[in-house]
Amino acid sequence: MTETILVRAATLADGTSTDILVRNGRIAELGRAIFASADRLIDGAGLIALPGLVDLHTHLREPGFEQSETVLSGSRAAAIGGFTAVHAMANTSPVADTAGVVEQVMSLGDRHGYVTVRPVGAVTRGLEGQQLSEIGAMANSRARVRMFSDDGKCVSDPLLMRHALEYVKTFGGVIAQHAQEPRLTEGAQMNEGTLSGELGLAGWPAVAEEAIIARDVLLAQHVGARLHVCHLSTAGSVEVVRWAKARGIDVTAEVTPHHLLLTEQLAASYDSRYKVNPPLRRDEDVRAVREGLADGTIDIVATDHAPHPVEAKDCEWAAAAFGMVGLESALSVVQASVVDTGLLDWADVARVFSRTPAAIGQLDGYDRGIAVGAPASFTLYDPSVSRVFETTQLRGKGINSPYLSTTLPGRVVTTVHRGHATVLDGELVDAETVAAAARALDQAGADHG
Ligand SMILES: [Zn+2]
């Protein structure tokens, strides 16, 4: 048996108020005062109903780094953040460069049932940047991989990048590039500029990112293939992508919540929670990425959720690992940086954080949003509250959040994934219940929207 859920009087992203009836994993009915019996009644008053968030850039760390995160713990962090699908990056151990590894990661996600887990395949074998991985085998596997990335590392060899673009073009795949010219960033610790000089930390020049993006959009144009730019962080990068789109080049770009909100000034604390790749940039870069997201130059928000064990961060800046956790705080940070500032409305948030990332990742079921007949994957969000963000609100294994002890707006109240609740009253539904609901739906023959 699958659960029937009735949400009363939630507000859709376009501002209309509606009840939402969920049955057999799908949205059965929308409208006011729906008359139906339900296993679970949810009061949606004051809550915004957004289509389930889709993250195109998540580090789940399994297999190999289970002390940092697992598919289960990362799925729980995602659900509490309002996500119903994540794309798991390939820098695991073994690397996700074969059909076997990507199928394993996808199966773990399906079994746990909190979110859909779509594996990202490595572009190069072992992320070593020497030869292409088994791209075709991963694309043809049960995981149907469509996005490939060496994220964490840049595919810096232009010939290899060209070949990767040519290969994925044959089946409509996309290469997601971590744009970082390695020779220009050797030993780099933070954004290069006046502040890095003052702090005595090796600088990471904006050009190291911009030069790779410029090269890659031209390669994508030459090949006629699709390119996705990961975590774009500088004003110059926005300019390059804007130029490429004006020329009709098939490129999409993402920005992280932290690059929408935080600046390099935080590095002055030498607190390694602010150490991230690419680094936090200047005020003018934050302004430019916000404007780029608002005008459509940047297509989506993606978290780059990067959990680390405490000991990898609890050390001096130069020795600390790069990365921040982001799934649990993402929607609040988007609200603070671009909604409360008037740049995006909630319909825009639904586009940049659900529909478009699903389209780039070729994930079915998200093209219609919250609509009758569509898979019931949505989140109910209360934008009117604020909270002091603490480790007690994190659900993944990593506590390396840059927002601890700061006040963030909004709170995810409920998440529904494929028709079953994963979050209720701001708390995770327990793992056994969620896994059983996912099994019941699979036995009922529902597809994996
Ligand atoms: Zn990256």
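## Two residues with positive phi

In this predicted model, A33 sits in the loop that runs between strand 3 (26–31) and strand 4 (40–43). Its backbone is worth a look: phi of A33 is near 50°, a positive value in a residue other than glycine. A33 counts as exposed because it has 8 C-beta neighbours inside 10 Å, and the cut-off for exposed is 12 or fewer.

L127 also has a positive phi, of about 60°, although it is not a glycine. You will find L127 in the loop between strand 8 (116–119) and helix 3 (135–140). Is L127 buried or exposed? With 21 C-beta neighbours inside 10 Å, L127 counts as buried, since the cut-off for that is 20 or more.

## Two cis peptide bonds

While you are looking at loops, turn to the prolines. The peptide bond from E62 to P63 is cis, and its omega is near 5°. P63 belongs to the loop between strand 6 (53–58) and helix 1 (71–80).

The bond from S93 to P94 is cis as well, with omega near 5°. Here the proline, P94, lies in the loop that links strand 7 (83–88) with helix 2 (99–112).

## An exposed loop residue

E316 is placed in the loop between helix 10 (310–313) and helix 11 (330–339). It has 8 C-beta neighbours inside 10 Å, so E316 counts as exposed.

## How the domains meet

The protein is divided into two domains: domain 1 is made up of 5–49 + 375–396 + 406–443, and domain 2 covers 52–360. Between their C-alpha centres there are 27 Å. The contact between them brings 27 residues of domain 1 together with 34 residues of domain 2.

Which elements give two or more residues to the side of domain 1 that touches domain 2? They are strand 16 (378–388), strand 17 (407–417), strand 18 (420–424) and helix 13 (431–443). Strand 17 provides the largest share of that side, with 6 residues. By type, the residues on this side of domain 1 divide into 17 nonpolar, 8 polar and 2 charged.

## The nonpolar core

Now to the inside. The largest nonpolar core holds 136 residues, and A49 and F148 have the most contacts inside it. Helix 6 gives the most to this core, contributing 7 residues. Both domains take part, as the core draws at least three residues from each of domain 1 and domain 2. In soluble globular proteins, nonpolar side chains tend to be buried together.

Leaving aside residues up to four places away in sequence, F148 touches V120, G121, A122, V123, I135, A164, V168, G173, I175 and A176.

## Helix 6 beside helix 7

Helix 6 (residues 206–223) also has a partner in helix 7 (residues 235–246): their axes come within 9 Å and cross at roughly 10°. Helix 6 and helix 7 are therefore roughly parallel to each other, as angles under 35 degrees count that way.

Which residues make this contact? From helix 6 come A206, E209, E210, I213, A214 and V217, and they meet G236, S237, V240, V241 and A244 in helix 7. Sorted by type, the residues of this contact are 7 nonpolar, 2 polar and 2 charged.

Note on methods
Residues numbered from 1 in each chain as written. Predicted model: local features only at pLDDT ≥ 70, side-chain atom pairs only at ≥ 80, totals over all residues. Axes fitted to C-alpha atoms, helices over the stretch in contact; angles between N-to-C directions. Helix = DSSP H or I, 4+ residues; strand = E, 2+ residues; numbered from the N terminus. Parallel < 35°, antiparallel > 145°, perpendicular 65-115°, else oblique. Contact = placed C-beta atoms within 7 Å. Nonpolar A, V, L, I, M, F, W, Y, C, P; charged D, E, K, R; others polar. Domains from an automatic or database assignment. Core = buried A, V, L, I, M, F, W, Y, C linked by C-beta atoms within 7 Å.
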